[in-house]
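User: Please take me through this protein one question at a time. I am new to reading structures.

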Amino acid sequence: MNVWIFKPSGHSAADRRPAIVFFFGGGWVGGTPEHFRKQSEYLATRGMVGIRVEYRTIPKGDPRPPTVCCADAKSALRYVRGHATELGVDPQRIAAAGGSAGGHLAAFT
């Protein structure tokens, strides 16, 4: 899975900036990490690190609950926290946000 990171101008790994991790919506079956691109870019201009993450979706008609989506979301937050020093992020100031299924993932994490 991929992660897209938008950093403030002049940002360095020595910074301890607040960050926000965005999860796209799509009812568990679709969507794209392109959602929240504008928000990530805007928040980077305001001093935050904006992060958009990819997660696995469930094939249409598959009756299983979205456990793989939840596992991917948890892994994404673990990654950001675990690499906070390299990313110039304060691990105590990481927010999660999303729309639709992504909002659920944000709340779940």
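Analyst: Accessible areas come from the Shrake-Rupley method with a 1.4 Å probe, and for residues only the protein chains shown count as cover. This is a predicted model, where local features need pLDDT of at least 70 and side-chain atom pairs count only at pLDDT 80 or more, while totals for chains, interfaces and linings use all residues. Residues are numbered from 1 along each chain as its sequence is written, and side-chain values use heavy atoms, with hydrogens and water left out.

User: What share of the accessible surface belongs to carbon and sulfur atoms?

Analyst: The accessible surface of the protein comes to about 5900 Å². The part that belongs to carbon and sulfur atoms is 52%.

User: What is the radius of gyration of the protein, and does it agree or disagree with a compact globule?

Analyst: The radius is taken over C-alpha atoms, and the globule rule is 2.2 Å times the number of residues to the power 0.38. The C-alpha trace spans about 45 × 25 × 20 Å along its principal axes. For 109 residues, a compact globule would have a radius of gyration near 13 Å, so the value of the protein agrees: 14 Å.

User: What percentage of the residues count as buried?

Analyst: Buried means under 20% relative accessible area, exposed means over 50%, and partly exposed lies in between (1.4 Å probe, protein chains only). Among the 109 residues of the protein, the buried share is 40%.

User: Which residue forms an aromatic pair with Phe-22?

Analyst: Rings of Phe, Tyr and Trp (its six-membered ring) pair if their centres lie within 6.5 Å; planes under 30 degrees apart count as stacked, over 60 as edge-to-face and the rest as tilted. A search of the whole structure finds 2 aromatic pairs. In one of them, the centres are 4.9 Å apart with 5° between the planes, so by the cut-off under 30 degrees the pair is stacked. Phe-22 lies in strand β2 (residues 17-23), and its partner, 14 residues away in the loop between β2 and α1 (37-45), is Phe-36.

User: Why do the rings of Phe-24 and Tyr-55 count as a stacked pair, and how many residues apart in sequence are the parts that the pair ties together?

Analyst: The ring centres of Phe-24 and Tyr-55 are 4.2 Å apart and the planes are at 10°, so the pair is stacked. Both residues are buried, because Phe-24 has 3% relative accessibility and Tyr-55 has 4%. Phe-24 is in the loop between β2 and α1, and Tyr-55 is in the loop between β3 (49-53) and α2 (67-82), so the parts are apart in sequence by 31 residues.

User: Is Ala-101 buried or exposed, and which residues does Ala-101 contact?

Analyst: Ala-101 is in helix α4, and it counts as buried because its relative accessibility is 4%. Contact means heavy atoms within 4.5 Å. Leaving aside neighbours within four places in sequence, the contacts of Ala-101 are Phe-24, Gly-25, Gly-26, Gly-27, Trp-28 and Tyr-55.

User: Which residues does Leu-43 touch?

Analyst: Leu-43 lies in helix α1. Not counting residues up to four places away in sequence, Leu-43 touches Ile-20, Phe-22 and Met-48.

User: What is the phi of Ser-100?

Analyst: Most residues other than glycine have a negative phi. Ser-100 is in the loop between β4 (89-98) and α4 (101-108), and it is exposed because its relative accessibility is 57%. Ser-100 is not a glycine, yet its phi is positive, about 60°.

User: How far apart in space are Val-68 and Thr-45, C-alpha to C-alpha?

Analyst: Val-68 is found in helix α2 and is partly exposed, because its relative accessible area is 28%. Val-68 and Thr-45 are 23 residues apart in sequence, and their C-alpha separation in space is 33 Å.

Notes. Helices (H or I, at least four residues) and strands (E, at least two) are DSSP runs, numbered from the N terminus.
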